Amino acid sequence: MMTKEEIYKRLEDYLINLFEVPAEDIKLDALLFDDLDIDSIDAVDLLVKIQELTGRKISPEAFKSVRTVGDVVDQVYALFPADAPAKVENIE
Amino acid sequence: MVRRLDYLWRLLITGAAFLSFSLFGFLMTVTLFPLVSRLSRTNEERVNRIRWLIHKAFQLLIASLLFFKVIDFGFKGAERLSGERGRLVVANHPTLIDVVLMLSIMPQAQCMVKHNLWSHRFLGGVVRAAGYIRNDGDPETILEACRAAIQQGHDIIVFPEGTRTVPGKPIKFQRGFANIAAIVPCNIQVVTVTCSQETLTKGSSWYEIPKQRPRFYISVGEELDVKTYLAREPRAKVVRRLTRELEDYYNRKLYHG
């Protein structure tokens with residue numbers, strides 16, 4: 001189980017180190033495609049990264065509705081069922 | 001007086017060239033292309049033949065423009081373009097006829113073409129018949145088409161600016177070309193197009209011809225081995241690095257000697 005803060009931190013780390021997004025641009029309401037210069041191919045990479053992080057499958061369809069950094073955090077958070085501690089696989 | 005005559009002559013021929021470009025495009029669409037389709041067994045065979053016809057037509061057009069002394073044309077490293085080897089051929093895009101010049105020496109190249117040409121009255125049929133790639137397709141479709149071309153050993157011409165260069169403004173690339181090269185993956189062949197005069201730029205009309213005969217120069221530069229890039233960094237970083245490196249390369253080449 002990860003808290004929303006932990007997920008945000010991890011996402012921030014990906015955005016800065018993998019997609020060269022300037023740290024100061026990353027906010028919960030920042031738009032991935034318009035504000036952070038992420039394209040649809042990057043989005044696929046990000047999806048893979050998140051799957052590695054959570055060890056769970058996310059449908060690309062569900063990920064398509066994602067617009068902001070906050071949306072991603074919520075999506076990832078929703079992957080963990082309440083209470084049940086999920087096995088967090090952390091593959092870098 | 002001589003200069004004035006030269007100007008009028010070039011104006012006349014330029015007009016005729018524009019007219020025949022559309023006219024021949026349309027005529028080929030309704031005559032030769034259907035014939036080729038009937039005589040070809042596979043889709044691949046058909047588009048290869050049609051691209052070869054386009055290549056020949058462009059050769060004729062360039063030869064006429066040279067013959068009538070409307071343009072001058074120089075090439076460095078042409079032999080490295082004519083032997084297609086399944087690469088992404090990336091070029092800056094100063095004028096309307098860059099692609100004509102390039103296709104006149106590339107017999108069966110695939111091209112990434114601006115979407116609005118698909119509905120062009122005279123040329124729509126040509127780009128459709130040649131099986132070129134629409135630049136506004138969804139990424140999966142575009143990638144699939146690029147993979148197919150590379151696998152068949154064709155080069156793909158892409159203008160990463162997405163539109164013609166605005167004279168004097170720094171070159172700005174979109175990342176799409178680098179995404180293609182990194183995902184397929186394939187090498188990038190760098191080509192620089194320069195012209196001695198400003199002509200046929202974005203937003204100009206055919207009759208706005210330069211005071212003097214323009215000299216076009218195409219120089220085939222280095223070939224980037226994309227796999228070496230991919231061995232060092234994750235894909236998303238490679239894509240950004242390639243985009244940045246090539247922007248710098250063109251800006252240096254075009255604006256700083």
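Trainee: How many residues of chain B are in contact with chain A?

Mentor: Contact means heavy atoms within 4.5 Å. By that rule, 11 residues of chain B touch 11 residues of chain A. This is a predicted model, in which local features need pLDDT of at least 70 and side-chain atom pairs count only at pLDDT 80 or more, while totals for chains, interfaces and linings use all residues. Residues are numbered from 1 along each chain as its sequence is written, chains are lettered from A and ligands numbered from 1 in the order in which they are written, and side-chain values use heavy atoms, with hydrogens and water left out.

Trainee: What area is buried between chain B and chain A?

Mentor: The size of an interface is often given as the accessible area lost when the parts come together. Buried area here is the accessible area (1.4 Å probe) that two parts lose on being put together, summed over both. For chain B and chain A the figure is about 970 Å², with carbon and sulfur atoms giving 39%. On the chain B side, Arg175(B), Lys237(B) and Arg240(B) lose the most area to chain A, together 47% of what that side buries.

Trainee: How many salt bridges cross this interface?

Mentor: The rule asks for a side-chain nitrogen of Lys or Arg within 4 Å of a carboxyl oxygen of Asp or Glu. It finds eight across the interface of chain B and chain A. One of them joins Arg244(B) to Glu20(A), with the closest N and O atoms 2.8 Å apart.

Trainee: Which elements supply the chain B side?

Mentor: Helices (H or I, at least four residues) and strands (E, at least two) are DSSP runs, numbered from the N terminus. Helix H7 (139-151), helix H8 (176-183) and helix H10 (235-255) of chain B each give two or more residues to the side that touches chain A. H10(B) gives the most, with five residues. Ala, Val, Leu, Ile, Met, Phe, Trp, Tyr, Cys and Pro count as nonpolar, Asp, Glu, Lys and Arg as charged, and the others, Gly among them, as polar. On that basis this side of chain B has five nonpolar, one polar and five charged residues.

Trainee: What is the backbone like at Glu20(A)?

Mentor: Phi of Glu20(A) is near 50°, a positive value in a residue other than glycine. Glu20(A) sits in the loop between H1 and H2 of chain A.

Trainee: Where is the cis peptide bond?

Mentor: The bond joins Val184(B) and Pro185(B), with omega about -20°. Pro185(B) belongs to the loop between H8 and strand S6 (188-195) of chain B.

Trainee: What lines the largest cavity?

Mentor: Rolling a probe the size of a water molecule over the atoms shows where empty space is left. On a 1 Å grid over the protein atoms alone, a cavity is a set of points where a 1.4 Å probe fits but cannot get out, and lining residues have an atom within 4 Å of a point. Grid points are joined across faces, edges and corners, and a volume is the space filled by probe spheres set on the points. The structure holds one cavity of 30 Å³ or more. The largest cavity has a volume of about 40 Å³, and its lining consists of Ile7(A), Arg10(A), Leu11(A), Tyr14(A), Ile50(A), Leu53(A) and Val76(A). H1(A) provides the largest share, four residues. By class, the lining has six nonpolar, no polar and one charged.

Conventions. On a 1 Å grid over the protein atoms alone, a cavity is a set of points where a 1.4 Å probe fits but cannot get out, and a pocket is an open set with protein on both sides within 12 Å along at least five of seven lines; lining residues have an atom within 4 Å of a point.
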